[in-house]
Amino acid sequence: NKESSSSRGALIVLEGLDRCGKTSQSGRLYKYLEERGHSVESWRFPDRNTGVGQMISSYLANQSQLDDHAIHLLFSANRWEKRSLMEEKLKSGTTLIVDRYSYSGVAFSYAKGLDIGWCKAPEIGLLAPDLVVYLDISPEKAAERGGFGDERYEQLEFQKKVAGSYLALRDSSWKVIDATLSIEDIEKKLREVVLDCMKACHKGKPLSQLWP
Ligand code: FDM
């Protein structure tokens, strides 16, 4: 029918510090939407399944060393290699829930001291999210949650810098949810903003590109 041929999926991005609950919330959101009959997929960046993704994964596990600029560009390339599939999915009506995106890319590299404009440049032209949800938690509280793992960036001092970067990137369109609320309360707030966003995309909100 007319509506389904013109309606597209929404590009929904979850961002936040390590241990903020992004991954479990994206899983719950996926299940909720799927059970309601929406066409939906759960994505994450880095996508460690591609060749570039394997280089990133080995870097994060401290199994290889790379210049800060080089790893930044690999993270970006990892999004570029998924861009056309992303566009195809969205245009065919599938909503994508994406765990980390360009904002993680900029936040982590900027936290290392790279120039923010330089960090954003390779992201220009990627699809802009229809919604960015930031799960807000202090680095200290995040660290208390069973501690960080062994990956390269999972250290309190660095996470504090990442929190500062996110603050510099945030704009008024981001939906900020207190990540210290109960899992159910977060889930409820997340569903609300996501369903609103999906409605807007359904009604014909055009796809756009980074950075707006
Ligand atoms: N990360 C993630 C970056 O530094 N740049 C990026 O572009 C992306 C997508 O990689 F510490 C960092 C953030 C995190 C690490 O992420 C791996 P997951 O969510 O723990 O897999």
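## Around helix H5

Start by selecting helices H5 and H8: H5 crosses H8 in a right-handed way (the near helix is turned clockwise from the far one by less than a right angle; left-handed would be anticlockwise). You're looking at a predicted model, where local features need pLDDT of at least 70, side-chain atom pairs count only at pLDDT 80 or more, and totals for chains, interfaces and linings use all residues. Residue numbers run from 1 along each chain as its sequence is written.

To find the pair, pick residues 102-111 for H5 and 156-169 for H8; they pack at about 125°, with axes 8 Å apart (lines fitted to C-alpha atoms over the stretch in contact, with angles from 0 to 180 degrees between N-to-C directions).

Now show side chains. On H5, pick Tyr103, Val106, Ala107, Phe108, Tyr110 and Ala111; they meet Phe158, Lys161, Val162, Ser165, Tyr166 and Leu169 of H8 (C-beta atoms, placed from the backbone, within 7 Å). Sort this contact by class and you get 10 nonpolar residues, one polar and one charged (Asp, Glu, Lys and Arg are charged; Ala, Val, Leu, Ile, Met, Phe, Trp, Tyr, Cys and Pro nonpolar; the others, Gly among them, polar).

How values were computed: Helices (H or I, at least four residues) and strands (E, at least two) are DSSP runs, numbered from the N terminus. Two residues are in contact if their C-beta atoms, placed from the backbone, lie within 7 Å.
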